Amino acid sequence: MTKTRNKPGRFAWVKWVFIIPVALFLAVQAYFFVQIWWWVDHNPSMTAFMREQQSALREKNPDANIQQQWVPYSRISKNLKRAIIASEDANFSEHEGVDWDALQKAYETNQKRKKVARGGSTITQQLAKNLFLSGSRSYLRKGQELIITYMLEALMDKERIFEIYLNVVEFGKGIFGAEAAAKHYYGIPASKLGAAQAAKLAVMLPNPRYFDGHRDSSYLARRTGTILKRMGSAELP
């Protein structure tokens, strides 16, 4: 009697079209998770955004380097901490990574103005983007940003998240972190920043390279005054 072999279906390959992308997706998420876990008690050297900006600088000057110096949380002025929370994420100490109310308000503002006038991203979301992602905008990138955001909140406390953010956020062309910013703009360490100085730095964050070259703009002065008034009520982690 001739045995009939079970031949694989003609379209057995179709399952791999789904399995391989899912496996790759999970592998990428595992990489992000392990990296964040490592950064719980180790400081990042360079972020994806830093590398991107350094590459851009080196297109014009092959010897160019970004300016960044890590300092512990305790050596960063409370004025700057309060100013950034007041300006960027008033509910930082309360939310779990995403401030959905702020996102809704940003969406409504953008709809009225017919342009992206507000982002609504929290400090944790901004950190997620800076650590791992490019500056491009897409729904896919935003989705990945949210996943990383919740990983950060799950593995780190708020103070650690804020400490890393303060040390890697962009403050100007090639200027990253509070220490480099304080020295670049005022010639002092981050621990010595006064209230007005800190408020001005915080206001620059949404568009730091522009304001680096327009430090005396009327908008910057008005917004700095507003943040100065709000800083007293900013809750630190």
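**Entry 1: the aromatic cluster**

I started with the rings, and found that Y31, F32, W39 and F132 form one aromatic cluster. A reminder to myself: this is a predicted model, and every value I note here is computed from it.

I then asked how many aromatic pairs the structure holds. The count came to 10. I looked up Y31 and F32 among them: their ring centres are 5.7 Å apart and their planes meet at 55°, so I wrote this pair down as tilted.

Y31 has 48% relative accessibility and counts as partly exposed, whereas F32 is buried, with a relative accessible area of 8%.

F32 also pairs with F132, and I noted that pair as tilted, with 4.6 Å from centre to centre and 55° between the planes. Which parts of the chain does this pair link? F32 belongs to helix α1 (residues 14-39) and F132 to helix α5 (residues 123-132), so I marked the two as distant parts of the chain, because they lie 100 residues apart. F132 is buried as well, at a relative accessible area of 14%.

**Entry 2: helix α7 and K158**

I moved on to helix α7, which spans residues 158-168. Is this helix mostly covered or mostly open? It is mostly covered, with 10 of its 11 residues buried. I listed the buried ones, including K158, R160, I161, F162 and E163.

At the start of α7, I found a side-chain oxygen of D157 reaching to within 3.3 Å of the backbone nitrogen of E159.

What does K158 form a salt bridge with? The partner is E153, and the closest N and O atoms are 2.9 Å apart. E153 is itself buried, with a relative accessible area of 17%. The charged end of K158 also sits over the ring of F92, 4.6 Å from its centre.

I noted another lysine over a ring: the charged end of K81 sits over Y73, 3.5 Å from the ring centre.

The side chains of E170 and R209 meet in one, at 2.8 Å from N to O. This pair links distant parts of the chain, with E170 in strand β1 (residues 170-172) and R209 in helix α10 (residues 208-212), 39 residues apart. How do the two partners compare for cover? E170 counts as buried at 8% relative accessibility, while R209 counts as partly exposed at 41%.

I also looked up R215, whose side chain meets that of D212 in a salt bridge of 2.9 Å, N to O. R215 counts as partly exposed at 32% relative accessibility, and D212 counts as buried at 14%.

Notes. Residues are numbered from 1 along each chain as its sequence is written. This is a predicted model: local features need pLDDT of at least 70, side-chain atom pairs count only at pLDDT 80 or more; totals for chains, interfaces and linings use all residues. Side-chain values use heavy atoms; hydrogens and water are left out. Buried means under 20% relative accessible area, exposed over 50%, partly exposed in between (1.4 Å probe, protein chains only). Helices (H or I, at least four residues) and strands (E, at least two) are DSSP runs, numbered from the N terminus. A polar contact is a pair of N or O atoms within 3.5 Å; within protein, one must be able to donate a hydrogen and the other to accept it, and residues adjacent in sequence count only if both atoms are side-chain atoms. Rings of Phe, Tyr and Trp (its six-membered ring) pair if their centres lie within 6.5 Å; planes under 30 degrees apart count as stacked, over 60 as edge-to-face and the rest as tilted. A charge sits over a ring if NZ of Lys or CZ of Arg is within 6 Å of the ring centre and within 35 degrees of the ring normal. A salt bridge is a side-chain nitrogen of Lys or Arg within 4 Å of a carboxyl oxygen of Asp or Glu.
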